[in-house]
Amino acid sequence: MWIEPNETEVNRVQVLNETGKLVRTYPQICDEELLGLYKWMVQARTFDQRALKLQRQGRIGTYAPMIGQEAAQIGSAFALKEQDWMYPSYREVGASLVHGVSMENFFLYTMGNLQGGTSAKNANVFPVQIIIGAQCLHAVGGAWASKLQHENSVSVAYIGDGGTSQGDFHEALNFAGVYKLPVVFFVQNNHWAISVPRSKQTASSTIAQKAAAYGITGIQVDGNDVLAVYSTMQEALKRAREGKPVLVEAVTYRQGPHTTADDPTKYRQNTEVESWLEKDPLKRMKAFMIDRNIWDEELDQKEFEIANEKVTKAFQLAENTPNSKTEEVFDFVFEQKTKQLQEQKSSIGTEGVLK
Amino acid sequence: MTSMTMIEAINLTLRKEMERDNKVVCLGEDIGKNGGVFRATDGLQAVFGEERVVDTPIAESAIVGAAVGMATRGLRPVAEIQFLGFIYEAMDQMAAQAARIRFRSAGTLNAPMVVRAPFGGGVRTPELHSDSLEGLFLHSPGLKVVMPSSPYDAKGLLAAAIRDNDPVLFLEPMKLYRAFKEDVPEEDYLLELGKAHVLKEGEDLTIITYGPTVPLVKNVVEQIEKTQNLSIEIIDLRTITPIDEETILASVQKTGRAVIVHEAVKTGGPGAEISALINEKALFHLTAPIIRVTGFDTPYPVPSVEDDWLPNATRIGEGIKEVLSH
Ligand SMILES: Cc1ncc(C[n+]2csc(CCOP(=O)(O)OP(=O)(O)O)c2C)c(N)n1
Ligand SMILES: [Mg+2]
């Protein structure tokens, strides 16, 4: 029997449609959780917008905005238990905040402070990964460690649609399947990898179906529907905890530029962006909560004010943190400095000339 | 002659080479419609089509490995690695495949390909976007390693790299892409790979450098010569494989003193190789120990400290003083 390409039917999980109306039986999510999910989304968006502004003022460095992906990030991270580990890429501010990284830490990272790499000190979150795909293998190894040490911990790798082209991604899925590891690969398919559309990244009609080739479970979910993401991720984590790795594809959209250094008008149509603004994740959830009588415009406005204050405080903390010193870079190469590193560290006073 | 920046010179050269030889194809991430994140390939896809200017999926090993395949079967691929720091992903294809195909086929096959990548610091990038990794490839026999320091050099060297019958790693100093313009002839010219450029003659001291640090060294020397009675020779290597022994040795034999400047980390870097070469072949002409002014032996640091980590004017000045103190 020939296995023809793209034969498998992939049904996208959706709970709320674009206008915030229920389209399937309501998953068991209590009002408190609904409010929690939405408030995190508000914080993520507020942080994101401020970061963009600060970058334009030259007060922080290059920033990769996540606007449009709040449901995917918050919904997925909200399902994690404290003992679970997150292995993020560079666009995961929302998810990382939920799992315990401070806003201040993110500001320090974008300000080019060495302290920006310390997420793992207070939260089970790996430092931001720049190399596309590399984090998938770390998540595999982390999951393997938790399996061998009998810890009840799932490792979650966050990656983009473009990242699924990288060898590391495929090797990670393969290992996960072979060793039955407690790992979830959470792909945010935001339709673009810088200037390259998803359609040019892979000939597969979905990313979720790639799971099949590695003998693991795959699922596609509406990534702008926070309830769909949250309930799907809960199920994925449950399976992973039993040693059944899962690949989740959250279909979402990068509303902003790739980073503050990118000009998307060069490669994509404004009409496409506009059509996705209609599907905005916050808008949808807000409409649902108002319908449910647990939210209103006044509360909404207040929530944005609270978030704004939080961001302001975090930025003040970051700005008041002393800049990294050149001397410090020698301290983190090895546990103990080699003779050469010691010499080089003390040569800072003599401009690098060894005396 | 047109006055242009280095990025314009690179773009022009790619265009001319693609016009001249229809075997030349470009491949890489975001090089098509977007024209590359630095616009090195801007407009090329519109002229030569999607078959010859290819936006690839994100997979550096595949980009370089496929280029090896293409090159051994009649094409002349020019692959772009978006930032040199990402070439670790393609390390096997670079060092164990492209570099060795001539050797392991006993000369039956060869890979006429170019891998272009921006590199070098001072532009406040995220992690792994500023690393100078040329030393890894200097240490991989079978690869040529080329680094222009000006628009004129970029054009002549890139054209030579594309027409070379061996794999060439062509490293473009990011900081110099738009730093200055100079006159570049539209017509065809080549700069020989393996030939250094004596930028300025001098008697008392030789500074050996390449790529991103060349304009900096020129400035430092200009300042020093204004205020002190000194004459300093500057060599821009242009390529570190092949390395121009003759030019280096002739200069050091004349001046007796050498300072080597590069952004790559110190230990096992190009400076170590150059210094060893001088020791082996011109030791008795030296009147002072050779000094290396380089990046320190750490991963490339965060933006807030990179200016101190890199060889800067003060550090180069101190290095020169030290060598002259003997
Ligand atoms: C190994 C590697 N290659 C290339 C890059 C440059 N790069 C950074 S982000 C990006 C696009 C990634 O797209 P995707 O995986 O869809 O994630 P998104 O940016 O959309 O969140 C590329 C090519 C990189 N950081 N690392
Ligand atoms: Mg993407």
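1. In this predicted model, residues 4-179 of chain B form a span that is 35% helix and 16% strand. The end C-alpha atoms of that span lie 10 Å apart. UniProt, in an unreviewed entry, lists residues 4-179 of chain B as "domain: Transketolase-like pyrimidine-binding". The name comes from that record, and the percentages and the distance are computed from the model.

2. Chain A has an annotated span as well. The UniProt annotation "domain: Dehydrogenase E1 component", again from an unreviewed entry, covers residues 38-325 of chain A. Over residues 38-325 the chain is 48% helix and 11% strand. The end C-alpha atoms of this span are 39 Å apart.

3. A separate domain assignment also exists for chain A. It gives domain 1 as residues 31-323 and domain 2 as residues 325-355. The C-alpha centres of domain 1 and domain 2 of chain A lie 37 Å apart. When reading the chain, keep the bounds of this assignment, 31-323 and 325-355, apart from the UniProt span of 38-325.

4. Where does ligand 1 lie? Ligand 1 is placed between chains A and B. It is surrounded by 21 residues, and the closest are Tyr90(A), Arg91(A), Asp161(A), Gly163(A) and Glu60(B). The shell around ligand 1 divides into nine nonpolar, seven polar and five charged residues.

5. Several contacts to oxygen atoms of ligand 1 can be checked in the structure. For Arg91(A), a polar side-chain atom lies 2.7 Å from an oxygen atom of ligand 1. For Gly162(A), the atom concerned is a backbone N or O, at 2.8 Å from an oxygen atom of ligand 1. For His258(A), a polar side-chain atom lies 3.5 Å from an oxygen atom of the ligand. On its own, ligand 1 has 580 Å² of accessible area, and the protein covers 96% of it.

6. Is Lys53(A) buried or exposed, or in between? With a relative accessible area of 48%, Lys53(A) counts as partly exposed, because that class lies between the cut-offs of 20% and 50%. Lys53(A) is found in helix 1 of chain A, which runs over residues 31-56. Its C-alpha atom is separated by 31 Å from that of Ala228(A), a residue 175 positions away along the chain.

7. Asn293(A) lies in the loop between helix 11 (281-291) and helix 12 (297-320) of chain A. Its relative accessible area is 70%, so Asn293(A) is exposed.

8. Arg238(B) is the other case to look at, with phi near 65°. Arg238(B) lies in the loop between strand 11 (232-236) and strand 12 of chain B. Here the relative accessible area is 8%, so Arg238(B) is buried. Thus Asn293(A) is exposed, whereas Arg238(B) is buried.

9. Which residues of chain B are joined by a cis peptide bond? They are Thr241(B) and Pro242(B), and omega is about -5°. Pro242(B) has its place in the loop between strand 12 (239-241) and helix 9 (245-255) of chain B.

10. Leu169(B) is found in strand 7 of chain B, residues 168-173. Why does Leu169(B) count as buried? Its relative accessible area is 0%, and buried means under 20%, so Leu169(B) belongs to that class. The C-alpha atoms of Leu169(B) and Leu143(B) are separated by 6.9 Å, although the two residues are 26 residues apart along the chain.

11. Pro215(B) lies in helix 8 of chain B, residues 214-227. Pro215(B) and Phe180(B) are 35 residues apart in sequence, and their C-alpha atoms are 9.9 Å apart in space.

Conventions: Residues numbered from 1 in each chain as written. Chains lettered and ligands numbered in written order. Predicted model: local features only at pLDDT ≥ 70, side-chain atom pairs only at ≥ 80, totals over all residues. Heavy atoms only, no water. Domains from an automatic or database assignment. Near = heavy atom within 4 Å. Polar contact = N/O pair within 3.5 Å; in protein donor to acceptor, adjacent residues only side chain to side chain. Areas by Shrake-Rupley, 256 points an atom, 1.4 Å probe, with all protein chains shown as cover. Nonpolar A, V, L, I, M, F, W, Y, C, P; charged D, E, K, R; others polar. Helix = DSSP H or I, 4+ residues; strand = E, 2+ residues; numbered from the N terminus. Buried < 20%, exposed > 50% of the residue type's maximum accessible area, 1.4 Å probe, protein only. UniProt positions renumbered as here; feature names shortened; annotations may be inferred.
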